[in-house]
Amino acid sequence: MYITSLHIKGFRNLKPEIFAPSKGCNVILGHNAQGKTNLLEAIYYCAFGKSHRQKTDEGLISFDSQFASLKCYYLRDELHHNINVQLNHGQKKIAVDGSAIKKRSELIGKLPVIMFCPEDLNIVKGSPGERRKYMDRGLSQLYPRYFESLSKYYAALKNRNADLKTGGKSLEAWNEQLSKYGTVINKFRQKYIEDICAKAAGIHRYMVIKEKISLALNIDTRLLEEQSYIRALEQSREKDLKLGITTIGPHKDDVEITIMGKEAKLFGSQGQQRTIALSMKLAELKYIEAHIGESPVLLLDDVMSELDKARQSRLMSQIDGIQSFITTTHMELAHTGDIYTMRKGSIT
């Protein structure tokens, strides 16, 4: 799987371009604030229908344009496909292979993309929500049922929390909804982390000799079956009514990450935390690759500057043969592949 061309118009500071990357490694070289990350964001937007940097589309249209347009052409399963995005100040239209989509679930997974950026350090050192997002992105690209269950779970959670604040007259109905979709989410996450743990541990051992990492999903086992899930919600009723929120469920899940037997969030150095997060992202890539038979597109934003030469070399060997886009401010010896220069939003 690889992108054959990306047509850009009016997106961020990027100049109107038809960018035709290579099937392998694409190095995007340039000083800061030239548009390197914006290019990766454009690819990410085509895959997910949203930015990886902000919740809204505000600011994505360049100040001198009335609209933004992204057209991504790619090859998957030896067939040509395309994704067309149109943004027009509050309005968004997305089409896949010429057919308009009505919801993001119809888009996610069409063009699998894995992205690693400096903020992904929070997968290790940040809040549990960051680790839940890590699981959700990987699973949603593979399993429409997971993404649908996730959407419906959070809709039911919002309604149950609102009901709790007004006396909890309809809790039974919301309990049924949460148990129905929550069990699906938990079962997917449980299996996912088991698989990802083995892959991430192997990659990390290769990247950093002698250091061992482990991942474990902290989950309430009562929430793996619908009836026991409902009983658990009933048991937490008084506490939930007092606090006005639902205190158990997948929205409380966390992944425990350890390095050499110690909690990485507390005891890992920033360099160790970054390498763990990168290993987890590469494990996500390998997981998707194993399930669809092709490698997803890899986006690496300003990663090389944080790695020594040995780790750069090991990283490059891990992604050999995968279409990747790597941004950097200066050339490193480990970089291989086609090199593009980004200057004031223009790609050369």
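**Close-up 1. Helix α3 at the largest pocket of this predicted model.** α3 contributes the most to the lining of the largest pocket, giving seven residues. The helix spans residues 128-140. Other elements that supply two or more residues are α1, β8 (113-116), α2 (122-125), α4 (144-165) and α9 (270-292). In total, 35 residues line the pocket. Its volume is about 1,000 Å³.

**Close-up 2. The centre of the largest pocket and the make-up of its lining.** Tyr44, Lys50, Ser51, Lys133 and Arg137 are the lining residues nearest the centre. By class, the lining holds 14 charged, twelve nonpolar and nine polar residues.

**Close-up 3. The second largest pocket.** This pocket has a volume of about 210 Å³. Its lining includes Lys9, Gly10, Arg12, Asn13, Leu14, Lys15 and Pro16. Ser62, Phe63, Asp64, Ser65 and Phe67 also line the second largest pocket.

**Close-up 4. The open, antiparallel sheet.** Six strands build the sheet, in the order β2-β1-β4-β5-β6-β7. Its edges are β2 (17-19) and β7 (99-100). Each edge strand pairs on one side only.

**Close-up 5. Pairing of β1 with β2.** β1 covers residues 2-9. Three bridges join β1 to β2, in the antiparallel sense. In this pairing, His7 stands opposite Ile18 of β2.

**Close-up 6. Helix α1 against the sheet.** α1 (residues 36-48) packs on the sheet. The helix touches β1 and β2, as well as β4 (68-76), β5 (79-88) and β6 (91-96). The directions of α1 and β1 make an angle of about 110 degrees. α1 also gives two or more residues to the lining of the largest pocket.

**Close-up 7. Packing of α4 with α5.** α5 runs over residues 171-207. The two helices pack at an angle of about 145 degrees, and their axes lie 8 Å apart. Their crossing is left-handed. On the α4 side, the contact residues include Tyr146, Leu150, Tyr153, Ala156, Leu157 and Leu164. Charged residues of α4 also take part, among them Arg145, Lys152, Arg160 and Asp163. From α5 come, among others, Leu171, Trp174, Leu178, Tyr181, Val184, Ile185 and Phe188. Arg189 of α5 joins the contact too. By class, the contact has 13 nonpolar, five polar and five charged residues.

Technical notes. Residues are numbered from 1 along each chain as its sequence is written. This is a predicted model: local features need pLDDT of at least 70, side-chain atom pairs count only at pLDDT 80 or more; totals for chains, interfaces and linings use all residues. Side-chain values use heavy atoms; hydrogens and water are left out. Two strands pair if DSSP finds at least two bridges between them. Helices (H or I, at least four residues) and strands (E, at least two) are DSSP runs, numbered from the N terminus. Contact means heavy atoms within 4.5 Å. Axes are lines fitted to C-alpha atoms, for helices over the stretch in contact, and angles run from 0 to 180 degrees between N-to-C directions. On a 1 Å grid over the protein atoms alone, a cavity is a set of points where a 1.4 Å probe fits but cannot get out, and a pocket is an open set with protein on both sides within 12 Å along at least five of seven lines; lining residues have an atom within 4 Å of a point. Grid points are joined across faces, edges and corners, and a volume is the space filled by probe spheres set on the points. A crossing is left-handed if the near helix is turned anticlockwise from the far one by less than a right angle, and right-handed if clockwise.
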